[in-house]
Amino acid sequence: MVDLFGTAVKNKASIKIFDALFGTLTAIKAGNKIKGDSAEIISLLQIPDNPKNREQTADKYYDTYLNFRTINSENKDVFIGDVYHPLKVKSLKNGQITEINDANVLPNRKITCLIGKAGQGKTTLLRKIALKEILKGDRVPLIIFLRNVSWSDDVNPIKIIKDELTSLGIVASNEVVNHLLVNNKILPLYDGFDEVSSENRKLALNLIQDTYTRYNSNCFVTTRPRTEVITLLSSSLNYEVCDLNKVDVVKMIKCNETQAEKYRNELLSVIEESPKVLDILITPIIVDIFISTYYSMDEVPEDSIGIYKELFNILAKKHDKYKLLTRESQSGLNNAKLFEIFCYSSFVLIMDNKVERQSESYLEKVFSSSSSDMGLDDQSGMSFHDIVDKTSLIIPDGLSFSYIHKSVMEYHAADFISNCEESIKNSIYDNLYDKPNAMLENMLGYLYRIDRDCLLSFFVNKSVDFICKYKEEIHNNDFKLTSSFLKPFLGHKTIEVCGIRRNLMIGFVALL
């Protein structure tokens, strides 16, 4: 076979994927897998027919859905089939626990919703499901990253699937896409409902619901907890991704071939000698970070915040030690200053809702502007490239760049806020209060843990100010006014969970 995946490792799995992808597409076009197929409709499906174009399509499919980068893989992409550790999910209907592995996958009826915390492996699960489905050969799975959708009133399943096929080099008319969906020959895997902005979530809900109700197509969707997709969809089967246990963590460490065997044995000893560390290692992203950074830690961290806190500096120092560039950088800035820029830029990006892939030029501008705002001399605007080179926390993603995980952006944005002067911090909290955004929920969760006193003091003071101003209306049971006030709080569900409950106003009113 010709160089099928470029720099990707050519192995039996990649060959099987190539064969399965075009085998399934060819069979669909031939019409021998769909009962009552209309030759006139299906003939409009245009599949690449020459070797070069087929290789390009297979390459795009492999890179988009099955190939990705982890903190431990540093500058190398990894294939999902080589690194996947079986994750478990629990049905919220009957409590049954299912392990997603090579021999077992969830029954996909209606809309299957996978619910998990930050870094719990939701996207990884979809990649594994996509791999199993494409090797099975009955239908073509497509992962739709909802954060990348250009939302408008005309967004619908036909348009989304058609655009996705086009990006792979497969041309299909609306009629053909409709045919594929209705006949269950396309499996939509919608990733990251929680990454859709509040104003677009109704459109996203309609997209997912219509996939099943209008086109009778089963689909998957992933989300963090407490989003509308869990409660408002009428046809969803909800599953919660389970926390990792000791057996999981041990297997993940033993199978991590990016680390030397001696170091892996040391990590296993830490788990045996400090069993409390298992209370932290409950998600794949935290295990990945722990494996990558433990060697440089002064002590075993007490919580996940301790792991995120050390991440940037440890990775940067590891790079410097390896490259012997401790005092040199393209920007002329040391690691401490680069860390400040990284935190500030993470804050700017998340507040501007730029959490998805961005162009290199855009990120260069953001990081350079952050440097200027902080009074730092970023020579030639190279701070962005220093951070990419030293930490791999921002990685190339096609022609763009993206954070290696959204939680990395969220934590460092929270770190920036927590270290701001009081006047600036209050201004930021005022903005968060006035413009609630569910997409900032996890950032607020980190803030609650690293800046708890300031965060709660601000919101409680807001409550007291409101009560003092509208004391008479509250006494007169003007609940419309009260509900209007509560909306900003309930928009930030993390605050509700952390301590400001739904009965907050009731408690304050009782004291008046």
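## Exercises on salt bridges and a buried strand

The side chains of aspartate 163 and lysine 159 form a salt bridge, 3.4 Å from N to O. A salt bridge here is a side-chain nitrogen of Lys or Arg within 4 Å of a carboxyl oxygen of Asp or Glu. This is a predicted model: local features need pLDDT of at least 70, side-chain atom pairs count only at pLDDT 80 or more, and totals for chains, interfaces and linings use all residues. Residues are numbered from 1 along each chain as its sequence is written, and side-chain values use heavy atoms, with hydrogens and water left out.

**Exercise 1.** Find the salt-bridge partners of lysine 88, including glutamate 99 and aspartate 248.

*Solution.* 
- Step 1. Glutamate 99 meets lysine 88 at 3.7 Å, N to O. This pair links distant parts of the chain: glutamate 99 is in strand β4 (residues 97-100), lysine 88 in strand β3 (residues 87-91), 11 residues apart.
- Step 2. Lysine 88 also meets aspartate 248, at 3.4 Å, N to O. Aspartate 248 lies in helix α10 (residues 246-254) and lysine 88 in β3, so this bridge ties together parts 160 residues apart in sequence.
- Step 3. Compare accessibility. Lysine 88 is partly exposed at 24%. Glutamate 99 is partly exposed at 29%. Aspartate 248 is buried at 6%.

**Exercise 2.** Is strand β6 (residues 140-145) largely enclosed or open?

*Solution.* 
- Step 1. Take one face. Val140, Leu142 and Ile144 are buried.
- Step 2. Take the other face. Pro141, Ile143 and Phe145 are buried too.
- Step 3. Conclude. Six of the six residues are buried, so β6 is largely enclosed by the rest of the structure.

**Exercise 3.** How do β6 and strand β7 (residues 186-191) pair?

*Solution.* 
- Step 1. Apply the rule: two strands pair if DSSP finds at least two bridges between them.
- Step 2. β6 and β7 have six bridges, in the parallel sense.
- Step 3. Pick one bridge. Leucine 142 has proline 188 in β7 as its partner.

Definitions and conventions
Buried means under 20% relative accessible area, exposed over 50%, partly exposed in between (1.4 Å probe, protein chains only). Helices (H or I, at least four residues) and strands (E, at least two) are DSSP runs, numbered from the N terminus.
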